[in-house]
Amino acid sequence: MTIKLKKCKCGKEFKQYNSLQNKCPNCQFKEYYCRKPKSKPLLKLKIGAKRRSNTDNKKNKKLAWKWFSQYIRLRDCLKTTKSKNFGRCYTCDRIKPFKELQAGHLISGRTNAVLLDEEIVKVQCHRCNIELGGNYTEYTIRMINEKGIKWVQSKQDLKHISVKKNWKEEIEIWKDKYFILLYGKNKKLPF
Ligand SMILES: [Zn+2]
Ligand SMILES: [Zn+2]
């Protein structure tokens with residue numbers, strides 16, 4: 001596997017494992033732990049605000065998924081290989097580099113209630129997630145063995161429940177979980 005070297009705004013070069021990573025680990029860490037507290041946005045009542053908030057909503061949902069997927073991949077890499085760079089596909093056991101892994105669902109459809117449920121999303125290889133359309137049979141068998149049929153059934157039922165999500169909040173939740181896995185809770189520079 002070849003890993004691209006990318007230049008950070010501070011001038012340092014770093015290995016880029018995925019496209020969300022646009023700063024060196026040092027800058028990323030500083031930015032994450034030295035964030036200013038968020039201020040609440042003022043209520044907007046302008047014409048067109050609703051349409052704008054719809055596209056914002058879509059953008060935020062996409063970004064929330066990106067951070068969620070990032071977290072799932074790191075979580076399962078650590079769980080399956082104890083390394084941050086490689087992970088084992090849940091449905092075929094092949095070991096692949098982080099970059100080639102995807103976050104795959106037990107349940108098809110990706111409705112709001114199941115999209116970011118970390119209990120039913122695991123790393124899969126491209127073959128299982130895309131070419132085999134999610135490899136649902138294998139996925140379901142393995143989850144039943146792990147959690148029991150009742151648990152899997154209750155998750156299947158979630159799919160049809162309609163849920164509203166605050167995607168902006170979800171971005172922060174999964175970003176936090178990702179960085180805690182990456183650096184730990186310790187706010188001292190790890191380098
Ligand atoms: Zn940097
Ligand atoms: Zn696979």
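**Notes on a helix pair and its chain**

1. Let's start with two helices: α2 (residues 49-81) and α7 (residues 167-183) have axes that come within 8 Å and cross at roughly 20 degrees. That makes α2 roughly parallel to α7 (angles under 35 degrees count as roughly parallel). The crossing of α2 past α7 is left-handed, meaning the near helix is turned anticlockwise from the far one by less than a right angle.

2. Before going on, note that this is a predicted model, where local features need pLDDT of at least 70, side-chain atom pairs count only at pLDDT 80 or more, and totals for chains, interfaces and linings use all residues. Residues are numbered from 1 along each chain as its sequence is written, while chains are lettered from A and ligands numbered from 1 in the order in which they are written.

3. Who touches whom? On the α2 side, the residues include Trp-67, Phe-68 and Tyr-71, and on the α7 side they include Ile-171, Trp-174 and Tyr-178 (contact: C-beta atoms, placed from the backbone, within 7 Å). By class, the contact of α2 with α7 has 13 nonpolar, three polar and six charged residues.

4. Now look at α5, residues 136-147: its 12 residues reach 16 Å from first C-alpha to last, close to the 16 Å expected at 1.5 Å a residue. Just after α5 comes Gly-148, with a positive phi of about 95 degrees.

5. Zooming out, the protein chain has seven helices and six strands (DSSP runs: H or I of at least four residues for helices, E of at least two for strands). From the N terminus on, their order is β-β-α-α-β-β-β-α-β-α-α-α-α.

Technical notes:
Axes are lines fitted to C-alpha atoms, for helices over the stretch in contact, and angles run from 0 to 180 degrees between N-to-C directions. Angles under 35 degrees count as roughly parallel, over 145 as roughly antiparallel, 65 to 115 as roughly perpendicular and the rest as oblique. Two residues are in contact if their C-beta atoms, placed from the backbone, lie within 7 Å. Ala, Val, Leu, Ile, Met, Phe, Trp, Tyr, Cys and Pro count as nonpolar, Asp, Glu, Lys and Arg as charged, and the others, Gly among them, as polar. The expected span of a helix is 1.5 Å times one less than its number of residues.
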